[in-house]
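Look at the sequence and the 3D structure shown here before reading on. The report then goes through the parts one at a time.

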Amino acid sequence: MKSTILVTGGAGYIGSHTCKALRDSDCLPVAYDNLVYGHREAAQWGPLEYGDILDHARLDQVFRLYQPEAVIHFAAYAYVGESVVDPGKYYQNNVAGTINLLESMRRHGCRMIIFSSTCASFGLPKMIPIGETAEQNPINPYGRSKLMIEQILKDYDGAYGIRHIALRYFNAAGADPEGVVGEDHEPETHLIPLVIDAALGRRECIEIFGTDYPTPDGTAIRDYVHVTDLADAHVRAVDKLRRDGSSDQFNLGTGTGTSVRQIIQSVETISRCTVPVREGHRRPGDPPELVADPRKALQFLDWRPRFSELETIVGTAFRWHEGGGFRGA
Ligand SMILES: NC(=O)c1ccc[n+]([C@@H]2O[C@H](COP(=O)([O-])OP(=O)(O)OC[C@H]3O[C@@H](n4cnc5c(N)ncnc54)[C@H](O)[C@@H]3O)[C@@H](O)[C@H]2O)c1
Ligand SMILES: O=c1ccn([C@@H]2O[C@H](COP(=O)(O)OP(=O)(O)O[C@H]3O[C@H](CO)[C@H](O)[C@H](O)[C@H]3O)[C@@H](O)[C@H]2O)c(=O)[nH]1
């Protein structure tokens with residue numbers, strides 16, 4: 001029998017790519033999304049159940065209907081800047097919403113959850129690359145909300161036997177190589193879609209947030225990982241929990257850092273357009289460099305990024321955005 005997986009936030013960016021990967025691995029993904037940021041068109045690989053993770057009754061209804069084997073939990077707010085000015089919104093949706101979801105899981109005997117954590121839970125790391133045991137010292141409410149959830153998950157494991165894998169993504173980027181889904185955030189704050197929009201003349205320019213970092217070209221370095229590779233890691237994480245039933249955490253990145261200027265250069269090469277650039281100040285709270293040590297994921301999930309070369313990330317993202325995303329579909 002097919003395994004049914006409840007995917008909260010399944011109509012969002014990483015959630016929709018994961019639903020596609022689940023379907024390809026012969027699972028039935030049930031997307032559960034309130035469509036605050038998600039897109040109905042992004043939920044193509046199983047049913048879309050409209051609902052909010054803060055709504056007990058609706059969650060109970062969906063658990064009763066599908067009796068999922070596991071939950072993959074993407075639903076959250078993820079704008080770092082907004083989390084600083086309105087932390088209540090983040091603790092409510094991300095932390096209270098997750099507790100609500102876990103309580104529904106308890107009521108319905110669902111004992112496996114894969115959770116979307118973030119490299120922002122590390123704050124300003126002391127060492128690069130960042131391994132799983134690096135100190136987690138988030139510097140904004142968004143990162144803190146994710147760390148709190150990691151801690152809550154450990155308590156729910158100890159007390160109630162709900163097993164979890166927390167996947168800490170570095171910078172999710174790129175689009176489905178078949179061009180069926182991609183990133184479509186409103187507002188968009190992520191670097192690659194903004195640079196592509198500047199190349200396509202849809203925005204005046206890209207502002208580089210800081211050119212005086214202690215990095216080779218003065219701009220900040222991140223570990224961009226293709227969304228299809230992230231999706232694959234979720235399928236592997238469900239398999240691992242099924243196999244050995246032990247809770248764990250993994251950092252998901254490639255181990256290679258790319259600077260803001262290198263991203264701009266790559267978009268110029270792929271688009272054959274010049275990207276108008278404005279050099280600006282550092283964005284408050286941005287660390288100079290965040291790069292993952294992916295060895296644990298390689299060893300225990302057998303996870304090897306296949307689409308995370310810069311050309312593939314930028315190439316797939318460019319094709320998706322050039323086509324207009326869901327608006328052009
Ligand atoms: N994009 C990244 O680079 C990145 C990096 C690290 C971690 N993450 C985490 O990964 C997850 C997915 O990120 P994304 O980029 O796909 O974001 P996204 O906004 O595209 O997807 C999140 C989805 O959750 C839904 N949602 C939000 N609150 C909800 C609620 N209360 N009830 C039901 N649905 C709700 C939204 O409508 C959206 O479809 C988030 O938890 C985010 O914090 C993302
Ligand atoms: O207009 C822009 C946008 C971004 N940047 C720079 O580009 C890099 C990447 O920025 P993003 O906003 O694309 O992503 P972040 O590195 O801020 O990602 C953080 O926020 C995400 C949530 O949106 C994830 O949680 C992720 O794990 C966390 O590190 C940063 O150095 C940023 O300063 C610019 O120079 N100009």
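## The model

This is a predicted model: local features need pLDDT of at least 70, side-chain atom pairs count only at pLDDT 80 or more, and totals for chains, interfaces and linings use all residues. Residues are numbered from 1 along each chain as its sequence is written, while chains are lettered from A and ligands numbered from 1 in the order in which they are written.

## Two domains

The chain is assigned domain 1 (3–170 + 225–252) and domain 2 (191–222 + 255–293 + 306–328); such bounds come from an automatic or database domain assignment. Taken over C-alpha atoms, the centres of domain 1 and domain 2 are 26 Å apart.

Contact joins 20 residues of domain 1 to 15 residues of domain 2 (two residues are in contact if their C-beta atoms, placed from the backbone, lie within 7 Å). On the domain 1 side, β10 (224–226), α7 (227–244) and β11 (248–252) each supply at least two residues. Helices (H or I, at least four residues) and strands (E, at least two) are DSSP runs, numbered from the N terminus. That side of domain 1 consists of twelve nonpolar, six polar and two charged residues. Here Ala, Val, Leu, Ile, Met, Phe, Trp, Tyr, Cys and Pro count as nonpolar, Asp, Glu, Lys and Arg as charged, and the others, Gly among them, as polar.

## Helix α7

The 18 residues of α7 reach 26 Å from first C-alpha to last, close to the 26 Å expected at 1.5 Å a residue (1.5 Å times one less than the number of residues). Of these 18 residues, 14 are buried, meaning that 20 or more other C-beta atoms lie within 10 Å of the residue's own, with C-beta atoms placed from the backbone. Just after α7, Gly245 has a positive phi of about 60 degrees.

## A three-stranded sheet

An open sheet with mixed pairing has the order β12-β9-β14. Its edge strands, β12 (258–259) and β14 (289–290), each pair on one side only. Two strands pair if DSSP finds at least two bridges between them.

Strand β9 (residues 221–222) runs parallel to β14 and is joined to it by two bridges. Ile221 has Glu289 of β14 as its bridge partner.

## Around ligand 2

Strand β8 gives the largest share of the shell, four residues.

The shell holds 13 nonpolar, four polar and four charged residues.

How values were computed:
A residue is buried if 20 or more other C-beta atoms lie within 10 Å of its own, exposed if 12 or fewer, and partly exposed in between; C-beta atoms are placed from the backbone.
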